[in-house]
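Dear colleague,

Please find below the structure that I am handing over to you, together with its sequence. My findings follow directly after it, and I would be grateful if you read them with the structure open.

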Amino acid sequence: MTPAARLQATLDLLSDIDSAARPADAVVSAWVRSRRHIGDRDRGAIIELLQTLLRHHARLGWWLAKQGRDATPRDRLLAWLVLGEGRTPERIRRLFNGAKAAPAALTEREQAFLTRLRGCTIVHPAMPDEVRLECPAWAEAALRRRFGAAFEAEMAALLTPSPLDLRVNPIRSTREAVLGGLKDLGLRPEVSRLAPYGIRLNERLSLARLDGLRTGAIEIQDEGSQLVALLVDARPGERVADFCAGAGGKTLAIAAQMANKGRLVACDVSEGRLKRCAERVRRAGIQNTETRLLTSETDRWVKRQKGSFDRVLVDAPCSGTGTWRRNPDARWRSPEEHGLDGLVALQGRILASAARLVKPGGRLVYATCSMLAEENENRVAAFLSAHPGFRVVPPREAAPGLAAAVEGEYLSLTPARHDTDGFFAAVLQREDPAPAAEGENGPPPGA
Ligand SMILES: C[S@@+](CC[C@H](N)C(=O)[O-])C[C@H]1O[C@@H](n2cnc3c(N)ncnc32)[C@H](O)[C@@H]1O
């Protein structure tokens, strides 16, 4: 591909992302699948430029507004080439030349605006904090409350490119064997700092080169997500429910902890995600796991299974603020389900209902990939005041292997402090003898 054709492909992708209601990574995956003819280097360069543009969304928008321009994909790319890459308008004109597969030729107005930007850099002293730090209005106050003096450092960490984290599946391989295989490919893998089966790659590569993804020997999973699964501390032979299993990221890690013994039920309200979970379970060689589609968090199955699980993980739907490093576009989509308040209410309902599954002495693990207290500490506090039969088990007690990573009552990972995605997890042990009496349709009112 010519450099100009790469720019046009980036523009096409950016336009697709702007017009689709789906996350950028889903649009990129579909684009990659439909253009298998594009070579690794071209694909890598296009995706890297796209991610860069997404990470500078607010700052580019600010510059464009100052120039009286709309933040169209084309204007964002043009502005980036000057402000971010320091290209001259003349060089840009040679790329935007209207040739086959190249972007349309520059208009006079475009040339004039690029000339005005010449010599400027992407950050301007007059930019408001929320623009400079790419922090959306809906989350800024809550993140400032959460981080206090560390707000800037955490926002800056969320703007760095994320590494590629892998989890070795011990049912199929060992970390040493996978590390050896990656080195044979000429890569420079590192052992994860905290996760015992984790491997980190800080270089750009085509996933097609990673054979282990096809054989089930490895999974792509952020180190923070691996640590949350470890906190469940599921043992071989136990009964475990992964209540919001989705496509099974944590399900697979928990099944491996259980060494394929016992019973793991992966529940979700999304049929599509559970189907992907079942496929991954098969590929990973897992035999102790079944999927269960729920009609809602109060599905009748929950009542029938009341008090019968040793471990229940609730990896709740959340704002995803902890994943902005990996999904830079996510911050510009306000939370689903009627905003943050709607999400918080849903989290409370899911937690109260899933808690019914826990047997006396068993544990409920509540996790999110959010860094907002509203979805984390406050949710747990509300749950505990309605469920006095549960007590908090600090992570160093719940999973002693994690002691180095955590202090305090909860697992609370952030990109700046732990170099992982932002994750929260609380372990809650049922101390009372049995779940409270309840009606047909779910937990008692106020639960
Ligand atoms: C954070 S994602 C789970 C990610 C998954 N555990 C993983 O590690 O890959 C949250 C999941 O909650 C599911 N969910 C949403 N509403 C739910 C409900 N009422 N009951 C159960 N699951 C729900 C969503 O479909 C989504 O798959």
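The ligand is surrounded by 18 residues, and the closest of them are C244, G246, G249, K250 and D315. By type, the shell around the ligand consists of 8 nonpolar, 5 polar and 5 charged residues.

Please note that this is a predicted model. Its scores are ipTM 0.99 and pTM 0.92. For the protein chain, the mean pLDDT is 93, with 96% of the residues at 70 or more.

Two of the residues closest to the ligand, G249 and K250, also belong to helix α14, which covers residues 249–257. This helix is mostly covered, as 9 of its 9 residues are buried. The buried residues of α14 are G249, K250, T251, L252, A253, I254, A255, A256 and Q257. Just after α14, A259 adopts a positive phi of about 50°.

Among the buried residues of α1 are L7, L11, L13, L14 and I17. Which helices do the buried residues of α1 pack against? They pack against α2 (24–34), α3 (40–55), α5 (73–83) and α6 (89–95).

Yours sincerely

Key. Residues are numbered from 1 along each chain as its sequence is written. This is a predicted model: local features need pLDDT of at least 70, side-chain atom pairs count only at pLDDT 80 or more; totals for chains, interfaces and linings use all residues. A residue is near a molecule or strand if its C-beta atom, placed from the backbone, lies within 6 Å of it. Ala, Val, Leu, Ile, Met, Phe, Trp, Tyr, Cys and Pro count as nonpolar, Asp, Glu, Lys and Arg as charged, and the others, Gly among them, as polar. A residue is buried if 20 or more other C-beta atoms lie within 10 Å of its own, exposed if 12 or fewer, and partly exposed in between; C-beta atoms are placed from the backbone. Helices (H or I, at least four residues) and strands (E, at least two) are DSSP runs, numbered from the N terminus. Two residues are in contact if their C-beta atoms, placed from the backbone, lie within 7 Å. pLDDT is the predictor's confidence in each residue, from 0 to 100.
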